[in-house]
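The following note was prepared for a colleague who wishes to go through the two chains and their contact in order. Please read it alongside the coordinates.

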Amino acid sequence: MAKFAKKKDGDLPAVSTASLPDIVFMLLFFFMTVTTMKDSSLLVENTLPNASEIKKLEKKDRVIYIYVGKPTREYQKVFGTEPKIQLNDKFASIGEVGSYILAERAKKPQELQNVLTTALKVDKDANMGLIADIKQELRKVNALKVNYTTYEGNAFNNLQ
Amino acid sequence: MPRRKGAPEVNAGSMADIAFLLLIFFLVTTTIETDAGLDRMLPPIEPPDTDVIIRQKNIFTVNINKNGQLLVEDQLMDLKDLREAAIAFLENGADGTCNYCKGRRDVSSSDNPTKAIISLKNDRETKYSTYITVQNELVGAYNDLRNRESQRLFNRDFTDMESEYLNPETPSSIRDDLKDKVKRVQDMFPQKLSEAETTSN
């Protein structure tokens, strides 16, 4: 019958790519929702230690971050290699921690001001002396809830 | 000229390219943040009005020196044994009022879990990673005991219940139910972890 043209053998049918944009958009939305934009660039090295008994920090708006660690390589010439504190986008001295916490607290809505957590993101090579000073400063401004931010993992990996 | 029917179709072939471009942009610029860690409360700066007398046997002292070595109850200890030692201390139950404790009831150790206090001291030169490991083990000791009691009472891990309770997405009807359970287990082994000011020598 002439109405049915014979299919050529060995010719693969083309795979339809019409749904490719949909798939890619799905991926795009996934990444857009699960990732958060970095709000401050890190000036310090920040390899967190591991811990297993961790709790998740829910509700980002109730957290104040303090970074501690060695300055990264490009800042080492100016600031040296001793661990330093980073508040927002700049290095700070110990005395500025208290006023920073108070300023950040004042920015938050009234009802959240009593439930704030201070997240300490400290490099694992930092010394406890600096942390003890920060803790003392936090106690002075009555920011008693702290969270030592860590990676999830076996805590004994820290010792190597 | 003859008019065509309807609007001409827009070529959507490059849609995938545009979407890929956006996808790659988001992949590169964003980082998945690790916001989890050990929750701790610092002691208030004003000392309490009334002096509380704590008997020496109710305090479990942990000292970390600058080399990361541990001195637990005046004895050198390996970090791996710390959790077990802390558990043994917490559920010792020397005065016999704690009916869920499985400790040895050693008279020279803690009276009961509500009185037992762990005191953690560290040197200024202690490495932060060592400190976190010790904190992790001590919190782990509390969690192990709480999980055990929680399993016995509610057939569920305490840590699991607590994280569901703290999760803002949990419906409030479940939350109210969990609140009492969490509180009950917490009261069985209240977390009393004191961090005194550090010493420099």
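The numbered points below take up each chain, the contact between the chains, the helix packing and a few individual residues.

1. The structure is a predicted model, and local features are described here only where pLDDT is at least 70. For side-chain atom pairs the requirement is pLDDT 80 or more, whereas totals for chains and interfaces use all residues.

2. Fold and extent of chain A. Chain A contains four helices and eight strands, arranged along the sequence as α-β-β-β-α-β-β-α-β-α-β-β. Its radius of gyration is 26 Å, whereas the globule rule gives 15 Å for 160 residues; the chain is therefore more spread out than a compact globule. Along the principal axes, the C-alpha atoms of chain A occupy a box of roughly 95 × 40 × 35 Å.

3. Burial and contacts in chain A. Of the 160 residues in chain A, 28% are buried. When contacts in chain A between residues at least 6 apart in sequence are considered, 78% of them link residues at least 24 apart.

4. Fold and extent of chain B. Chain B has five helices and six strands; from the N terminus, their order is α-β-β-β-β-α-β-α-α-α-β. The radius of gyration of chain B is 27 Å, well over the 17 Å that the globule rule gives for 201 residues, so chain B is likewise more spread out than a compact globule. The box filled by its C-alpha atoms is roughly 105 × 45 × 35 Å along the principal axes.

5. Burial and contacts in chain B. Buried residues account for 26% of the 201 residues of chain B. Among contacts in chain B with a separation of 6 or more, 57% are between residues 24 or more positions apart.

6. Helix H1 (residues 20–34) of chain A and helix H1 (residues 15–29) of chain B have axes that come within 9 Å and cross at roughly 20°. Since angles under 35 degrees count as roughly parallel, H1(A) and H1(B) are therefore roughly parallel to each other. The crossing of H1(A) with H1(B) is left-handed. In H1(A), the residues that meet H1(B) include Val24(A), Phe25(A), Leu28(A) and Phe31(A), and their counterparts in H1(B) include Ala19(B), Phe20(B), Leu23(B) and Phe26(B). The contact of H1(A) with H1(B) has 16 nonpolar residues, with no polar and no charged residues.

7. Leu23(B) in that pair. Leu23(B) lies in helix H1 of chain B. Residues up to four places away in sequence aside, Leu23(B) touches Val24(A), Leu27(A), Leu28(A) and Phe31(A). Is Leu23(B) buried or partly exposed? With 19 other C-beta atoms within 10 Å, Leu23(B) is partly exposed, as a residue counts as buried at 20 or more. Leu23(B) and Ile64(B) are 41 residues apart in sequence, and their C-alpha atoms are 48 Å apart in space.

8. A helix pair within chain B. Helix H2 (residues 82–90) of chain B packs on helix H3 (residues 128–154) of chain B at an angle of about 45°, with the axes 9 Å apart. This angle makes H2(B) oblique to H3(B), and their crossing is right-handed. Residues of H2(B) in this contact include Leu82(B), Arg83(B) and Ile87(B), while those of H3(B) include Val134(B), Glu137(B) and Asp144(B). By class, the contact of H2(B) with H3(B) has eight nonpolar, one polar and three charged residues.

9. Positive phi values. Asn142(A), in the loop between H4 and E7 of chain A, has phi near 65°, a positive value in a residue other than glycine. Asn142(A) counts as partly exposed, with 15 C-beta neighbours inside 10 Å. Glu73(B), in the loop between strand E3 (70–72) and strand E4 (75–77) of chain B, has a positive phi near 50° and is also a residue other than glycine. Glu73(B) is partly exposed, with 14 other C-beta atoms within 10 Å.

Key:
Residues are numbered from 1 along each chain as its sequence is written. Chains are lettered from A and ligands numbered from 1 in the order in which they are written. Helices (H or I, at least four residues) and strands (E, at least two) are DSSP runs, numbered from the N terminus. The radius of gyration is taken over C-alpha atoms; the globule rule is 2.2 Å times the number of residues to the power 0.38. A residue is buried if 20 or more other C-beta atoms lie within 10 Å of its own, exposed if 12 or fewer, and partly exposed in between; C-beta atoms are placed from the backbone. Two residues are in contact if their C-beta atoms, placed from the backbone, lie within 7 Å. Axes are lines fitted to C-alpha atoms, for helices over the stretch in contact, and angles run from 0 to 180 degrees between N-to-C directions. Angles under 35 degrees count as roughly parallel, over 145 as roughly antiparallel, 65 to 115 as roughly perpendicular and the rest as oblique. A crossing is left-handed if the near helix is turned anticlockwise from the far one by less than a right angle, and right-handed if clockwise. Ala, Val, Leu, Ile, Met, Phe, Trp, Tyr, Cys and Pro count as nonpolar, Asp, Glu, Lys and Arg as charged, and the others, Gly among them, as polar.
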